[in-house]
Amino acid sequence: MPMPLWWGHINKRVFNPRAVQGGKWPVLTHVGRSSGRTYQTPLDAYPVDGGYVFVLVYGSGSDWVRNVLAAGRARLRIDGQERELAAPAVIGETEAFQILADDVARPPKLLRITEFLRMDLVAP
């Protein structure tokens, strides 16, 4: 079971805006599947061959994941550069751990994180 959803709501309203403004975190820009609004979500983004993997701390049912899956694309700002991403796919921990670099810390087992999101880089 991922983190409780109520924690995600606090994170979304309080901590995420500060992290986006701080500019230290990678930020995923995505469009709301119902509202059409543009959202920015700070995340850990791990480079893999041809794209990025994101740890789904709150599971695949979180709003930002559902938005990205519905849109089929998003933009990632990392190290001051924008990257277009497409082909989002929820993957399991076995696949994620196979493609993540060995030096990337694995989520603590206590958090019970079993889902990850993989996205492909779109060629410029």
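So, going from the N terminus, the order of elements in the protein chain is α-β-β-β-β-α-β-β-α-β. That's three helices and seven strands, and keep in mind that this is a predicted model. There are 124 residues in the chain, and 36% of them count as buried. If you take contacts between residues at least 6 apart in sequence, 60% of those join residues at least 24 apart. The accessible surface is about 7,600 Å², with 54% of that belonging to carbon and sulfur atoms.

Okay, let me zoom in on strand S4, residues 51–55. How many of its residues are buried? Five of five. Now, in a regular strand, side chains alternate between the two faces of the sheet. Here both faces are covered: Gly 51, Val 53 and Val 55 are buried on one side, and Tyr 52 and Phe 54 are buried on the other.

What does S4 pair with? One partner is strand S3, residues 45–48, running antiparallel to S4 and joined to it by four bridges. In that pairing, Val 48 sits opposite Gly 51. S3 and S4 make a hairpin with two residues between them, and Gly 50 in the turn has a positive phi of about 85 degrees. Another partner is S7, also antiparallel to S4, with five bridges between them. Gly 51 turns up again here, this time opposite Asp 120 in S7.

Next, Phe 54. With a relative accessibility of 0%, Phe 54 counts as buried. What does Phe 54 touch, once you leave out neighbours within four places in sequence? The list includes Leu 28, Leu 43, Trp 64, Leu 76, Leu 85, Phe 116 and Met 119.

Generally, in soluble globular proteins, nonpolar side chains tend to be buried together. The largest nonpolar core in this model has 15 residues, and the ones with the most contacts inside it are Leu 28, Phe 54, Trp 64 and Leu 76. Which elements give two or more residues to this core? S4, H2, strand S5 (73–78) and S7. There's another core apart from it, with nine residues, among them Val 48, Val 53, Ala 96 and Ile 113.

We get two aromatic pairs. In one of them, Phe 54 and Trp 64 are edge-to-face, 6.1 Å centre to centre with 75 degrees between the planes. Phe 54 is in S4 and Trp 64 is in helix H2, residues 63–71, so the pair links parts of the chain 10 residues apart. Trp 64 is buried as well, at 11% relative accessible area.

The other pair is Phe 97 with Phe 116: the centres are 5.7 Å apart and the planes are at 70 degrees, so that's edge-to-face too. Phe 97 lies in helix H3, residues 93–99, and Phe 116 in strand S7, residues 115–121, so this pair ties together parts 19 residues apart in sequence.

Terms used:
Residues are numbered from 1 along each chain as its sequence is written. This is a predicted model: local features need pLDDT of at least 70, side-chain atom pairs count only at pLDDT 80 or more; totals for chains, interfaces and linings use all residues. Side-chain values use heavy atoms; hydrogens and water are left out. Buried means under 20% relative accessible area, exposed over 50%, partly exposed in between (1.4 Å probe, protein chains only). Contact means heavy atoms within 4.5 Å. Accessible areas come from the Shrake-Rupley method with a 1.4 Å probe; for residues, only the protein chains shown count as cover. Rings of Phe, Tyr and Trp (its six-membered ring) pair if their centres lie within 6.5 Å; planes under 30 degrees apart count as stacked, over 60 as edge-to-face and the rest as tilted. A nonpolar core is a set of buried Ala, Val, Leu, Ile, Met, Phe, Trp, Tyr and Cys residues joined through side-chain atoms within 4.5 Å. Two strands pair if DSSP finds at least two bridges between them.
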